[in-house]
Amino acid sequence: MVNVNVALHVQVEARPGKEEEVAAFLRDGLAVVQDEPGTVAWFAVRLSPSTFAIFDAFPDDDARQDHLGGRLGSALMERADELFARPPSVEQLDVLAHKLP
């Protein structure tokens, strides 16, 4: 059984006209997190036409911090002014229970 104790919830609001570019950026992010052994689960979702979120889970805070400082986190912050109406909202969560395959 995979151990999951902590997670991240990141929410972003696309700039007008950048909605599909944000969706493509998030889809492309999957290839990046595939190379992160500490990222146990990763989901990119669309909440509304212009609002998106990422939920990802990790066994411990070290893996979470590695992810935040990794390629996807860096790219997200580098492109924030271009893609997002406001800075990304990043919440660090504790996982109370989970079900994974």
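Two strands count as paired if DSSP finds at least two bridges between them. Helices (H or I, at least four residues) and strands (E, at least two) are DSSP runs, numbered from the N terminus. The model on screen is predicted: local features need pLDDT of at least 70, side-chain atom pairs count only at pLDDT 80 or more, and totals for chains, interfaces and linings use all residues. Residues are numbered from 1 along each chain as its sequence is written, and side-chain values use heavy atoms, with hydrogens and water left out.

**Stop 1: the sheet**

Select residues 41–46 and 51–58. These are strand 2 and strand 3, which run antiparallel and are joined by six bridges. To look at one of the pairings, pick Arg 46; its bridge partner in strand 3 is Phe 52. The two strands form a hairpin, with four residues between strand 2 and strand 3.

Strand 1 pairs with strand 4 in the antiparallel sense, over six bridges.

**Stop 2: Glu 13**

Go to Glu 13 in strand 1 (residues 6–13). Is this side chain buried or exposed? Glu 13 is buried, yet has no salt bridge. Buried means under 20% relative accessible area, exposed over 50%, and partly exposed in between (1.4 Å probe, protein chains only). A salt bridge is a side-chain nitrogen of Lys or Arg within 4 Å of a carboxyl oxygen of Asp or Glu. The nearest side chain of opposite charge to Glu 13 is Arg 86, 4.0 Å away; Lys and Arg count as positive and Asp and Glu as negative, while His and the chain ends are not counted.

Show the side chains of Ser 50 and Thr 51 as well. The side chain of Glu 13 has a polar contact of 2.4 Å with that of Ser 50, and a polar contact of 2.4 Å also joins the side chains of Glu 13 and Thr 51. A polar contact is a pair of N or O atoms within 3.5 Å; within protein, one must be able to donate a hydrogen and the other to accept it, and residues adjacent in sequence count only if both atoms are side-chain atoms. Not counting residues up to four places away in sequence, Glu 13 touches Leu 83, Phe 84 and Ala 85, among others.

**Stop 3: salt bridges**

How many salt bridges does a search of the whole structure find? The search finds six. Start with Glu 21 and Lys 18, whose side chains meet at 3.4 Å, N to O. Glu 21 is partly exposed at 31% relative accessible area, and Lys 18 is partly exposed at 24%.

Then select Glu 82 and Arg 79, a salt bridge at 2.9 Å, N to O. Salt bridges that share partners join Lys 18, Glu 21, Arg 79 and Glu 82 into one network.

Move on to Asp 35 and Arg 71, which meet in a salt bridge at 3.9 Å, N to O. Asp 35 lies in the loop between helix 1 and strand 2 and Arg 71 in helix 3, so the pair ties together parts that are 36 residues apart in sequence. Asp 35 is exposed at 56% relative accessible area, and Arg 71 is exposed at 55%.

**Stop 4: helix 3**

Select residues 71–78, which form helix 3. Leu 72 lies in this helix and counts as buried, with 7% relative accessibility. Leaving aside neighbours within four places in sequence, Leu 72 is in contact with Phe 25, Gly 29, Val 32, Val 33, Trp 42 and His 67. The C-alpha atoms of Leu 72 and Phe 25 are separated by 9.7 Å.

Finish at Glu 78, also in helix 3. Glu 78 is exposed, at 66% relative accessibility. Its C-alpha atom is separated by 28 Å from that of Val 4, 74 residues apart along the chain.

Terms used
Contact = heavy atoms within 4.5 Å.
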